[in-house]
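Student: I would like to learn how to read a few features of a model. Where do we start?

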Amino acid sequence: MKILIVEDETLLAESLKTLLEAKGYETDVVYDGKSGLEYAGLGIYDLVILDVMLPELDGFQVAKRLRAAKCGTPILMLTARSGLEDRIEGLDAGADYYLAKPFDSRELLACVNALLRRQGSQVDELTFGNTTLDLSSGTLICGKENIRLSAKEFEIIRLLFRNPARNLS
Ligand code: CA
């Protein structure tokens, strides 16, 4: 499981990284909204932890643009702003859950687990045209043909299938 952390407060970003890696998750950290949008758009993450107050682009904008680009990765929004209006704006922008700072690390981990579980049970295959990728077995199926992919092939095909409308380098 790979998690993207978009947080401009270096100390908080580091402690999130440490916390999640201790639980066995792989993490990448970026410190502004523009990089967050680029990284999250790659489609290689199982979850994005997204701060709201960010340089370049705020978290609401990042979430909106990701959803507009048909990126379905779950988003856990993290912010010091805990007013009702902000929570609603975050959810409207496409966040799946909203956690106000300061939060308890156990609460954060519970949210992460819940969102990842939901993601796992919802998406067990990806389809493009007449071809289906079975995510649980790593098999590519087209009509009667099916191919068991290597780990690298699986990562590449999954990335392409999750971003059908984009050119990827
Ligand atoms: Ca911030």
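Tutor: With the metal site. This is a predicted model. The calcium ion has three kinds of entry to read: its protein donors are D8 (OD), D51 (OD) and M53 (O). They lie 2.1 to 2.3 Å from the ion.

Student: How are the donor residues of the calcium ion spaced in sequence?

Tutor: The pattern is D-x42-D-x1-M. D8 sits in the loop between β1 and α1 (10-22), and M53 in the loop between β3 and α3, so the pair ties together parts 45 residues apart in sequence.

Student: Is D8 buried, exposed or partly exposed?

Tutor: D8 counts as partly exposed, because its relative accessibility is 30%. The cut-offs are under 20% for buried and over 50% for exposed.

Student: Now a helix. Which residues of α2 are buried?

Tutor: Start with the general idea. An α-helix has 3.6 residues a turn, so residues three or four places apart point the same way. In α2 (residues 33-40), the buried residues are G33, G36 and A40. They cover an arc of only 55 degrees around the axis, which puts them on the same side of α2.

Student: What covers the buried residues of α2?

Tutor: The cover includes strands β1 (2-6), β2 (26-30) and β3 (47-51), along with helix α3 (59-68).

Student: What caps the N-terminal end of α2?

Tutor: D32 does. One of its side-chain oxygens lies 3.0 Å from the backbone nitrogen of K34.

Student: And a strand residue: is T139 buried or exposed?

Tutor: T139 belongs to β8 (residues 139-142). T139 is buried, with a relative accessible area of 11%. Leaving out residues up to four places away in sequence, T139 touches T132, L133, D134, N146, I147 and R148.

Conventions:
Residues numbered from 1 in each chain as written. Predicted model: local features only at pLDDT ≥ 70, side-chain atom pairs only at ≥ 80, totals over all residues. Heavy atoms only, no water. Buried < 20%, exposed > 50% of the residue type's maximum accessible area, 1.4 Å probe, protein only. Helix = DSSP H or I, 4+ residues; strand = E, 2+ residues; numbered from the N terminus. Arc of directions from axis to C-beta. Contact = heavy atoms within 4.5 Å. Polar contact = N/O pair within 3.5 Å; in protein donor to acceptor, adjacent residues only side chain to side chain. Donors = N, O, S within 2.8 Å, 3.2 Å for Na, K, Ca; no water.
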